[in-house]
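Look at the sequence and structure, then follow each answer.

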Amino acid sequence: MAHSVVESTEKLWDTWNIRALVLLSLLLQVFLCLFAPLRRQRGEKWVVIIWLAYLLADWVPTFTIGLILQAESSEILNLWANFLLLHLGGPDNITSFSLEDNELWIRHAFGFLFQVGSTLYLHIHLTRDQKNQSTLGFPTALLFLTGIAKCVERIYTFYQASFDYYGEDENYLLRGKNEGTVSESTCYILGQELSPYGTIKNLLVGPFLSSEMRKCIRLAFLQKMREDILLMLEIELSLLYEALHTKLPLSLLDSKVVIIYRLNIFGYILGALVSFSSITKHYELEMFEIWLTYGLLIGAITMDFMSIGFFLSSDFKFLSSSTYTVRHPDCGENRDARMSRVPEWLRNLELKCGESRRWSKTIPQCNFITYNDYPEWLDILPIQTILEAVRGIQCLSSQNLREDREWHFIFEELKKKALEAETVEMGKTICLRRGDGILDTHDEYRHLSWSVKELDYTKSLLTWHIATEVCFQNGDHGPTSSPMDCRGICKLISDYMFYLLQMEPAMMAAVSVDWKAVRREARRDLENFCRTQSIAGRIDLSRAIFSEGPESFSVDGLGENSVLVYANKLANQLKGSNSLPWELMSKVWVEIMCYAAINCRPNVHAQQPSKGGQLLTFVWLLMNHFGLGTQFSAQ
């Protein structure tokens with residue numbers, strides 16, 4: 001019985017393995033065409049699914065070509081092998097999943113060369129075995145040329161998105177057809193001035209930006225409204241994502257060449273469809289093979305049309321539609337600028353439609369006290385990494401970024417700092433502040449400077465995080481006359497910074513080298529405190545820390561350098577006045593966040609648009625446009 005089951009399974013596999021895998025390859029291409037852009041809007045909710053589809057979309061065609069090489073040669077299998085080669089070229093809206101894929105473009109090139117060689121070998125072997133001319137030779141040849149073209153597209157896109165090429169060709173994304181380079185100019189997109197994409201490129205590859213460029217961009221941004229600047233930053237990061245992970249940069253080559261090339265590719269596929277439909281009338285094939293081949297041909301044509309729609313819905317069309325030069329007298333001199341030929345009504349429509357697709361517009365939240373309040377059954381898991389991941393997911397939440405609250409407050413604070421940073425040196429000095437810049441300007445709160453000056457960044461952040469949570473659960477809501485909900489902003493940034501420490505260690509690596517040790521010690525102290533005080537809930541814990549004075553706050557096992565001791569001291573000092581200074585606390589949190597943003601590696605910021613985007617990346621980019629970065633040269 002078991003033997004017969006095995007034999008029937010093997011027979012079923014031998015009969016349907018290639019057909020099923022070819023169909024699976026087509027479905028993966030369709031899935032990526034439809035859902036790959038969602039990782040910008042949904043973030044981590046879709047990352048794993050798209051990652052699996054991306055890996056399978058490369059593995060399935062390669063594996064299937066290997067099976068075809070081992071199978072008995074036939075014309076239909078040879079035809080399908082060329083479809084698989086076309087699938088290896090991938091859809092236009094996702095060429096790479098991560099930056100590392102772009103850096104490995106040479107390895108990808110050798111892999112594609114091997115697959116092209118295997119497909120060519122199939123064609124030569126089949127032609128040699130047949131006495132007469134191949135019946136499906138013409139559509140096979142057309143699809144073979146199309147597959148090679150798609151693979152070359154992808155390799156070239158990998159190469160263009162690698163940081164080696166980024167540094168070599170500084171202005172390739174903003175090169176006009178007749179007007180030279182505009183990397184230091186102001187681009188007019190959606191009827192507004194947009195900070196040049198060349199600036200963010202320079203920030204990523206590492207060279208210092210000139211003080212002249214800093215002055216020009218800083219003055220332009222200081223004159224803009226916060227809503228306009230947020231839109232500009234969204235478009236810049238959208239362009240960055242499209243340049244690093246899609247085939248859209250190819251559209252910025254010579255427009256005539258691109259149009260002719262696209263028409264040729266479409267003509268090849270259409271010609272293959274017409275040729276195959278005429279041949280099937282005189283060529284005996286199984287009905288499933290005929291319908292599968294039609295599905296592959298129609299799928300290829302559909303995805304070609306979808307690539308056009310993807311380009312029309314992208315921000316790159318505004319860069320590729322410029323044909324003439326205008327003079328822009330910023331900074332006392334003329335500069336080239338690109339003007340879009342897209343009608344104003346279409347630009348406004350794109351402005352409204354694009355708001356929901358450029359990034360998730362959410363701020364993840366995680367709290368240290370809640371993070372440690374997890375079910376005991378999780379302790380039975382043997383792998384600590386799984387335990388941490390499960391506990392982290394359990395405690396995660398998110399809030400939408402509100403332009404009239406969080407973004408307004410952050411923007412105004414950074415604008416005040418930008419007005420101070422008239423020189424490059426002053427801008428770099430402001431970037432070194434991590435809360436002390438605010439506390440030192442208020443005499444009544446200068447005694448709180450110990451919490452940022454005497455502690456390293458990790459302990460300082462965790463101290464302020466716990467103190468903020470304690471004050472939030474027990475303190476007053478602040479003055480009702482304040483136009484901003486500073487209490488809510490303070491809480492939001494506090495939980496967001498702890499989320500970055502816990503769930504995004506790569507973004508905080510430069511400032512949190514001892515985070516794991518600090519976290520383990522703080523967690524142990526918190527558990528000892530809860531056990532000693534017989535505390536079970538989050539609110540009760542906050543009240544216990546808040547009610548104890550610094551002199552009476554002592555628990556067995558807590559040393560003088562315990563984060564809980566520091567948090568208790570800070571919370572009691574903050575509540576020393578009649579009402580909690582929520583506005584001042586929010587400003588301190590903005591400085592703490594800015595310090596982390598400017599110290600995060602630029603290539604880590606570049607990865608965030610493909611994961612849904614991070615507020616920290618927007619802060620980093622805004623700081624650099626305000627002249628507050630560390631990559632500006634005084635010369």
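Q: Where is Leu23 placed?
A: Leu23 sits in helix α1. Helices are DSSP runs of H or I with at least four residues, strands are runs of E with at least two, and both are numbered from the N terminus. The model is predicted, so local features need pLDDT of at least 70 and side-chain atom pairs count only at pLDDT 80 or more, while totals for chains, interfaces and linings use all residues. Residues are numbered from 1 along each chain as its sequence is written, and side-chain values use heavy atoms, with hydrogens and water left out.

Q: Why is Leu23 called partly exposed?
A: Its relative accessible area is 34%. Buried means under 20%, exposed means over 50%, and partly exposed lies in between (1.4 Å probe, protein chains only). Leu23 at 34% therefore counts as partly exposed.

Q: What makes a nonpolar patch on the surface, and which residues form it?
A: Patch residues need over 30% relative accessible area and no salt bridge; nonpolar side chains (Val, Leu, Ile, Met, Phe, Trp, Tyr) are joined within 5 Å, like charges within 9 Å. Here the nonpolar patch is formed by Leu12, Trp16, Leu23, Leu27 and Phe288. Together they have about 460 Å² of accessible area. That area comes from the Shrake-Rupley method with a 1.4 Å probe, and for residues only the protein chains shown count as cover. Helix α1 (residues 2-35) gives the largest share of the patch, four residues.

Q: Why do Arg19 and Glu286 form a salt bridge?
A: A salt bridge needs a side-chain nitrogen of Lys or Arg within 4 Å of a carboxyl oxygen of Asp or Glu. Arg19 lies in helix α1 and Glu286 in the loop between α12 (255-279) and α13 (287-312), so the pair ties together parts 267 residues apart in sequence.

Q: Are Arg19 and Glu286 buried or partly exposed?
A: Arg19 has 10% relative accessibility, so Arg19 is buried. Glu286 has 43%, so Glu286 is partly exposed.

Q: What makes Asp92 and Lys247 a salt bridge?
A: Their closest N and O atoms are 3.8 Å apart, so the pair falls within the 4 Å limit. Asp92 is in the loop between α4 (75-88) and α5 (99-103), and Lys247 is in the loop between α11 (226-245) and α12, 155 residues apart. Both Asp92 and Lys247 are buried.

Q: Which helices does the salt bridge between Glu591 and Lys417 link?
A: Glu591 bridges to Lys417, with the closest N and O atoms 2.8 Å apart. Elsewhere, salt bridges that share partners join Asp92, Glu153, Lys247 and Arg262 into one network.

Q: How many salt bridges are there?
A: The count comes to 20.

Q: Why are Cys594 and Cys366 called buried?
A: Cys594 has a relative accessible area of 5%, so it falls under 20%. Cys366 is at 1%, so Cys366 counts as buried too.

Q: What makes a nonpolar core, and how many residues has the largest one?
A: A nonpolar core is a set of buried Ala, Val, Leu, Ile, Met, Phe, Trp, Tyr and Cys residues joined through side-chain atoms within 4.5 Å. The largest has 105 residues, and Trp464, Met497 and Phe626 have the most contacts inside it. Helix α27 supplies the largest share, 13 residues. A second, separate core of 52 residues includes Ile68, Leu77, Ile94 and Ile265.

Q: Where is Thr468, and why is it called buried?
A: Thr468 lies in helix α22 (residues 457-474). Its relative accessibility is 0%, so Thr468 is buried. Contact means heavy atoms within 4.5 Å. Neighbours within four places in sequence aside, the contacts of Thr468 include Cys490, Ser494 and Trp589.
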